Structures are given as structure tokens and as C-alpha cells.
Amino acid sequence: VAAQLEIPAPPPTSRRRARASRARRDSRAGVALVSPTVIVVMVMVVLPVLWALILSFQRIRLLQIRRLDLLGGEYTLRNYDLLLNSSGFLEAAKNTLLYSVFGTLGAIVLGLFAALLVRGSFRGRGLVRGVLLLPWVAPVVAIAFIWQVLLSPQLGFVNAVGTDVLGWDQPIPFLSQERGTIALFGIGVGVPTALLMVIVFEAWKSFPFAFLFILARLQAVSAELEEAAKVDGATPTQSFRYIVLPQLMGVIALIAVLRFIWTFNAFDEIFLLTGGGAGTEVLATQVYSFLQARNDVGASAAVAMFMAAVLAVLLLVYLRFFGERERTQ
Amino acid sequence: MRGSRRYHFEVAALRVLRPLGIAFFVLVALFPFYYMVILSMREISQVIESPGQIFIGLGEITSDAYERVLKPTSEGGEGFVRFLINSALVGLGTVLVTLVASILGAYAVSRLEFFGKRTVHFLFLSVYLFPPILLAIPLFVAFSKLGLRGELWVLVFVYVAQTLPVCVYMLRNYFESVPVSLEEAAEVDGATRLQIIRKVTLPLAVPAIAATGLYVFMIAWNEFLFALLFLVEERQNWTVSLGVSQLTNIETPATTLMAGSVILTVPIIVLFLFAERLMTEGLTRGAEKG
């Protein structure tokens, strides 16, 4: 294929024939140039996903891997049956939903506030912008352990402040307590402590992504309209509500879909913070625990396939709303 | 005028609240990193004694935790020098392979009309958005069966597959902002397609390629799931991310864990501050169009 690329353009005889042969050459070159990427993606992503689909209909334990043949073996619905009848799976599905919805929401709200604050010019703006991106670029392993130490009941800073300054009776095991109560106006309200903490962590870790994209969009909001509104007596909040926010809705919707998908997929954060314990098991950590702790490849693949099905729907939503723009670009 | 009073009130309130808000966000974003650095330099006994202390006197600073983390296992350390080398090798390998493939792919997607272009687009987008944990199962099973699971180069291929689609997307955005006229001029002079890419397109795209390369390096350096699944039984092949995650047994004090985290984080933050503008512009290009 590379040899074809070396052939210099033949002198054009007639214009139409030249155009047709040019289109053919372009097409060949395009396929040739994109093929390394497509091959890698096929071998390392598409085929494995298809194989995972097959595995989810088989009864395979990790110890049998050496004897396993690629497509053979009996097909069974046992894995899916097992999932739908297990309370653990439904619990994980519920947690995943809560984690994704509130993690995404938190990240967007924080990111929007941060972007509006950093919008105008001030001294040190570039530095502030860089600092606000740190939670997003830092290695997840490091920040998860920082939070774990920060929240630790024995030596964590948060509990030290809580017991010494805020007058808590005893330290709160934030990441290992499934249910706690907080007093609101004298009434005790039950909260899923650990799940709440992993959601807060997710919002903290991901708000820079929302911040970055909203800030980029803010840069393109025309100042003229706002100036005109100001002349007409619009206050800053009114001008935000009626002029700026409507222009941000597109990018916020895009961030919402992307963040929801990535939070839905997230494994590292919860695995590192709680190991999926204390009521924080999500689908991704359940896939891992079926695979590693219980050596059940089939059940693990079935959970993953459920995730893939949900993702496929989300992907269609994404393409429906943002595909148009992608194509016109 | 009521409206005008509200206007002045809001403007005055914002003048006070805005700096406070910025300070709040800077504190929230920065404090955990500050806490990590402080803890990594304290004695564990003092941390347990006074966990609320977040300032450290010059006399209290100790490098014990760092020595323990960096020393080879034969001398009672955790052997992180080795992990740093592994992470650097995996990162550089991933960057190299990904860049070569994605430059060609991005050029094709941005400049040429070819059969199956739409499908290729959809394929890349799916990879970008699909759960890595889903890939973990078949890849884990396949590489276990082939007996290749502990090899570093296998990990490189996994990372290449995960980063390629984003890179094609980032570079395509850049190529599209470069005028085609230069390439057409070269074509008239009789240059071949590969010559045009090498001599005309690439030199213009150097900043974008550097930014994309750094982005890939960061992803490879930070990655945890596949390193854990593939390498955990081969200690001499551990990456820094994996090494830190294995510091959490009971005997390892929190100060050592934080020292490991500092070693893991610092290279990434340095790289990021070095190329922040380039990278963030590559990612958000297109977002401005709303």
C-alpha cells in the first residue's frame, strides 16, 4: 500500500478523469493511513468486546483458563439469571446510578461557579486556572490515598478538626460507615456516609473538566449583548440568567453526557477509596470482584455486558444530540 | 429606582464575593496536595499525636519516608526507582506508537474522503466512551492464556488502544485549522502524500503533536486498572501507580504512602504546568462553537 502512495500524480488528460482518479487515490490513501489505528482498535477493543459477549453466556472460572477453547463450551443463561436474582447486583446498579447522577451534577455545579469566578481578568488568573485543573490531572491513585488519609478516623485532618474544633463526640469513619445520621434542625436524618463521600470525591476530581470547557465557551460569549443589557439596567444576576446561561446550555449538556458516561464507567476511584465496601459497590467494582475475588469470568462478563448495554443507549443519546455538530465540523 | 438599587447592591456584593469565591476554589483544589507534601515529611508518630497540625517546623522535617520508598527491596525499601523507570518506559513507548499511528489517522480523517470514514468516526467515539473495565475481562483472560500477562509491552499496547482514538480526534482538530493551500502547492510540485505529511503538515503541527504526546504520557503514567490486573504478580515490572497502590498494608505508615504519592504526582504536575495552555486548547477546541 505504501508503494501506491509513492506514485506521483500523472499529468491530467481531461479534467473530469483527473478528478475521478484523484478521488480514487485519496480514498486509497485515506484507508491506508487510517488502517494502523483501525487495526489496533479492532484487535485490542472490538474483538475483545465481542469475545466478552460470548464469555457472558458461558460458565467459566479463572482456573479453567488454560484449558479454555476460544468459542467452544456450552452456552447458558446462568450468569444473567444469577445477576437478576441477586440483591448485590441490583444494589450495585442503584449505587452506580446515584454515583453517576450526583457526581456529574456536583462536578457541573462546581465547574460552572469556578468558571464564572475566573471569567474576568485579574492578576494571577493564569496561575489560578492552572491550580484549579490539578485535581483532574493528578494521578487518581495519589489523590484517592490523600483523601483516604484526610478522612481517616485515626490520623486524618478532617476528624481532628471535627473533634477538636467542631465538637463532634467521636471521629466519623467516613469511608467505612455505611449509614450515619446528621442532625438537621434537631431531626436526625439518615445518610449513606461512604457513598456520599465517594460522590463528593468524584465531584471534586471532575469539576476541573467542566470548568475548563465552560470557561472556553465563556470566552466566546460576546460582550456586546451584555453591555447592551447593562445599559438597559440589567443586574449581573439577570444578565447571567437571561444572556450568559442560555449560551452555555449547549456545552453544559455536552459535559453532562460525557461526565455521566465516564462516572458510570469509573472503577479506580471507588476501588481505591472504599474497595466497594460500606454500601459503595458499583457495577465496575462488581465486575472486578467477580473476576478476581470469585474467579467467575462468566458472571463478571455478564455484569460488564449490562454496563455496555446502558452505555450503548447513552452513546445513541450522545450522537442524537451532538452528532450533527460533529458532522458539520 | 428599585432596579438601580438592586444593580448597585449586586455589583457591590460581587466585588466582595468574587475574590472570596476564587480563594475558596484555590484552597479546595490545592489543600489536599499541600497536605500530602506536609505529611510525607513528618514523623508518623507525630502525625498520630497531632493529626490536626498542618504546618511543619524546619526542625521537624524528615526524609525517612522518601528513603524508604526509593531504596531497593534488597535494602529494606520499596524499590520505587525501578517503578519510575518502568513507568517512564511504558509512557514513552505508548507516546511513540500512539503518535505515529494517530498522525497518519488524523491526517486521513481531516484531509481525505475515503470509504468507511463515518464508520471509523463512530468506532473511535465508542472506544473513547466505552468502559475500560469491560475490556479488562477479555484482555485479562486472553493474555493469561497466552502467558504474556506480566509483560510491559503488552501494557503498552493496551494503552495505545485506549489513547489512539482521542489523539486522532485532537490532532484532526488541529490539522483542520491548518490551511490546505500549502499542501496543494507541494502537491503541484510533485511531492507524494507521505512527503507532504512529513515536510509540510508535520512541521506546522509540532505544538499540537507535543501537546497530544504529553497528554498520552499523562494517561499512561496515571493508569491504574490495567497495571493492577496485568502486573500485580510481577513486582519488578510494577509502574509507580501500581507501586503506590500496594503501599496500603498495615505495616506501611501513612507518611510512606504520602511520600510515594508525591513521587507519583510531581512528574505529572511539572509536565502539566509546562504545557498547560497547549494541552487544554487541544482538548477544548470546538467547545467555543457551542
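Author: A cavity is a set of points, on a 1 Å grid over the protein atoms alone, where a 1.4 Å probe fits but cannot get out; a pocket is instead an open set with protein on both sides within 12 Å along at least five of seven lines, and the lining residues of either have an atom within 4 Å of a point. Points are joined across faces, edges and corners, and a volume is the space filled by probe spheres set on them. The model is predicted: local features need pLDDT of at least 70, side-chain atom pairs count only at pLDDT 80 or more, and totals for chains, interfaces and linings use all residues, while side-chain values use heavy atoms, without hydrogens or water. Residues are numbered from 1 along each chain as its sequence is written, and chains are lettered from A and ligands numbered from 1 in the order in which they are written.

Three cavities of 30 Å³ or more are present in the structure. The largest cavity contains about 1,100 Å³ of space. Its lining is made of 39 residues, and those nearest its centre are Lys205(A), Trp262(A), Asp268(A), Tyr215(B) and Ile219(B). Sorted by class, this lining comprises 26 nonpolar, seven polar and six charged residues. Here Ala, Val, Leu, Ile, Met, Phe, Trp, Tyr, Cys and Pro count as nonpolar, Asp, Glu, Lys and Arg as charged, and the others, Gly among them, as polar.

Asp268(A) counts as buried because its relative accessible area is 16%, where buried means under 20%, exposed over 50% and partly exposed in between, with a 1.4 Å probe and protein chains only. Leaving out residues up to four places away in sequence, Asp268(A) touches Val140(A), Phe224(B) and Leu225(B), a contact being heavy atoms within 4.5 Å. From Asp268(A) to Ala284(A) there are 16 residues in sequence and 8.9 Å in space, C-alpha to C-alpha.

Ala278(A), although not a glycine, has a positive phi of about 55°, and its place is the loop between helix H12 (268-273) and helix H13 (283-292) of chain A. Asn295(A) likewise has a positive phi of about 55° without being a glycine, and lies in the loop between H13 and helix H14 (297-328). With a relative accessible area of 24%, Asn295(A) is partly exposed.

The two chains also meet over an interface. In it, 109 residues of chain A are in contact with 109 residues of chain B. Together the chains bury about 9,400 Å², with 77% of this on carbon and sulfur atoms; such buried area is the accessible area (1.4 Å probe) that two parts lose on being put together, summed over both. Leu33(A), Met44(A) and Leu117(A) supply 7% of the area that chain A buries against chain B, more than any other three residues. Ile197(B) lies in helix H9 of chain B and is buried, at 4% relative accessible area. Pro207(B) is also found in helix H9 (residues 193-222), but is partly exposed at 36% relative accessibility.

The largest pocket has a volume of about 1,200 Å³. Of its 34 lining residues, Leu116(A), Arg119(A), Pro236(A), Leu14(B) and Arg18(B) are the closest to its centre. At least two lining residues come from each of helix H4 (87-118), helix H10 (223-231) and helix H11 (236-265) of chain A and helix H1 (2-40) of chain B. H1(B) gives the largest share, 14 residues. The pocket lining holds 21 nonpolar, six polar and seven charged residues.

As for chain A as a whole, its secondary structure consists of 14 helices and two strands. Of its 329 residues, 49% are buried.

Definitions and conventions. Helix = DSSP H or I, 4+ residues; strand = E, 2+ residues; numbered from the N terminus.
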